[in-house]
Amino acid sequence: LVFGRPACAAMHYQGYVERLHGMCPDGYQPLLGGPGAAGGASGSGTMSACGAARGEGLEAASQGRCRRPPASSILLGVLVVALACTLAEFAVGPGRIGAEIEPKVGYFLQIADVHLDPWYDASFGKSCYCNAPGSDAGADAEEACKRDATGNAFGQAGCDSPPALMRAAFRAAAEAAPPGGYDWVMLTGDYVRHSVSQRVHGASSPAETVATTKEAVRDIVRQVVRTAQEFFPETALHHGLGYEPLVLGNNDFARDYGELVTDPTKGVNPWFYSLAATGLSVVDAPPLDVAKSLKLSLSSSSNWSPLDEQTTFLTGGYGMRKLSDGLYLVSLNTVVYSTHFSWEGERHKDPFAQFHWLEKALQWLRHAQVADGIGKPKALITGHIPPTLDNYHFAPLWSEEFVDRYMDLVAMYDDVVAAQMFAHTHCDTFRLVPSRNSTHPIFISSALSPVYENNPSFRVWRYRGSEAFLAKTVCSMQHMHEAGYSACIPSSGVIETRTAHV
């Protein structure tokens, strides 16, 4: 009962007893016990007839090592076994005598770097970013832009994703779902095409240009979210816009790699609030005067919880959400750690107090217990920009002081980390963490956008209890061979790569 397995299921011990029964004559049973039992076997809990062979049964009986069981002992044995099994039934539930509690197994989908371009025009090539040149460019420039065009409505290598590619890829992801479907869908940043501000025309002032760009960014994010909801209507979509932890990429701001860093303990951030307030009414945003009263709490009280995603997202662009009994999503705002981040004013040591919050959240997980007994819950840490070198110039993507702080935290709380999932590089790969006692590699997803000559792809993850495993990377390639995409190459032998029909 101590180990969840009652005496009636102790197979090794029972088998040994059965072998001893074969040494005794019919109607006799072996004597069991420690020192002082008949036969004088040595060692606590040993069997006094442990040396007897089948042919020595009568001799063993005459020596007192076998005896007839009295009727009272048979009745007592039946009562003991019945009581043990009843208690075990009460402890582990009906029909689970001697069985391990099986952790939940399921799948989830990761889609990264959609970079939706609503201005995509297949008649123009990558030299013009697959967009019509401005009216002041002249006829020669327009002709030059058309020379390298493929005319492919599903996209061209060197350009961001047209709506047709996005819809085709989401359809392929839905068709690639395992039996039972995905338990949740994660969009890990960069919903928006590169250089939105270059497509904003007609503004009469810089302020109007910024306002128009912001609205364009929000509108593109809404388009991506609506498409995801269309193809996964019954699946939990962890994308944001309803105070869910939104994973922001560097293109999901009005300025690439730039936004005002505010103090989350003093109120909401205007940009994060604007994303939630203009969402899809999954959860209605509070009025601005109410939202301004929201402040991040980093209290040391025993009842503190990191599961206040409305406050953490509106004040810092990050959050935590329970996915299952064994897994919690930890969504980080990584853009502020980038070496390209454009600071307004003083540089912060802990922007948005995110590291302070992350340490408290991981500590909270370490002390949390899973109700069904499968162990401690763990964090699926996800963000957009990974704390690594890029794949093109081998330059650091995060500033060094932020890399050190993050790596120290992940190593310190390695026991409550299930996986680290990032994107941004448009390259399907992973990074091993150098030393620091961290055992979890950093998985970096490829992109839906083919702007860096990569094939559009998405990832399917499998989880079991509080552990997550990369199941496969799927390339969405049909309709795209004319665009000259390269082969989709798996980043490790455990990844199944295949062509999905889009």
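Start by selecting D190: at 2% relative accessibility, this residue counts as buried (under 20% relative accessible area; exposed is over 50%, partly exposed in between, with a 1.4 Å probe and protein chains only). D190 sits in the loop between β4 (184-187) and α6 (206-231); helices (H or I, at least four residues) and strands (E, at least two) are DSSP runs, numbered from the N terminus. Check the backbone here: D190 has a positive phi of about 55°, although it is not a glycine. Most residues other than glycine have a negative phi.

Before moving on, note that this is a predicted model, in which local features need pLDDT of at least 70 and side-chain atom pairs count only at pLDDT 80 or more, while totals for chains, interfaces and linings use all residues. Residues are numbered from 1 along each chain as its sequence is written, and side-chain values use heavy atoms, with hydrogens and water left out.

F352 is not a glycine, yet its phi is positive, at about 60°. Is F352 buried or exposed? With a relative accessibility of 4%, F352 counts as buried.

**The disulfides**

Now display the cysteine side chains. How many disulfides does a search of the whole structure find? The search finds two, where a disulfide is a pair of cysteine sulfur atoms within 2.5 Å.

Select C128 and C145, which are joined by a disulfide with an S to S distance of 1.3 Å. C128 lies in the loop between β3 (105-111) and α4 (139-147), and C145 lies in helix α4, so the pair ties together parts that are 17 residues apart in sequence. C128 and C145 are both buried.

Then select C130 and C159, whose disulfide has an S to S distance of 1.9 Å. This pair links distant parts of the chain, 29 residues apart: C130 is in the loop between β3 and α4, and C159 is in the loop between α4 and α5. The torsion about the S-S bond of C130 and C159 is about 75°, so the disulfide is right-handed. Both C130 and C159 are buried.

For another cysteine, pick C427, which is partly exposed, with a relative accessible area of 25%.

**Helix α5**

Select residues 163-175, which form helix α5. The expected span of a helix is 1.5 Å times one less than its number of residues. For the 13 residues of α5 this gives 18 Å, and the end C-alpha atoms are 18 Å apart, which agrees. Colour the buried residues of α5: L165, M166, A168, A169, F170, A172 and A173.

**Helix α11**

Move to residues 400-412, helix α11. Its 13 residues should span 18 Å, in agreement with end C-alpha atoms that are 18 Å apart. Which residues of α11 are buried? They are F402, V403, Y406, M407, L409, V410 and A411. Show the surroundings of these residues: they pack against α10, β8 (378-382), β9 (417-422) and β11 (442-444).

**The whole chain**

Finally, zoom out and show the cartoon, with 11 helices and 14 strands in the protein. Of the 502 residues, 50% are buried. Among contacts (heavy atoms within 4.5 Å) with a separation of 6 or more, residues 24 or more positions apart account for 69%.
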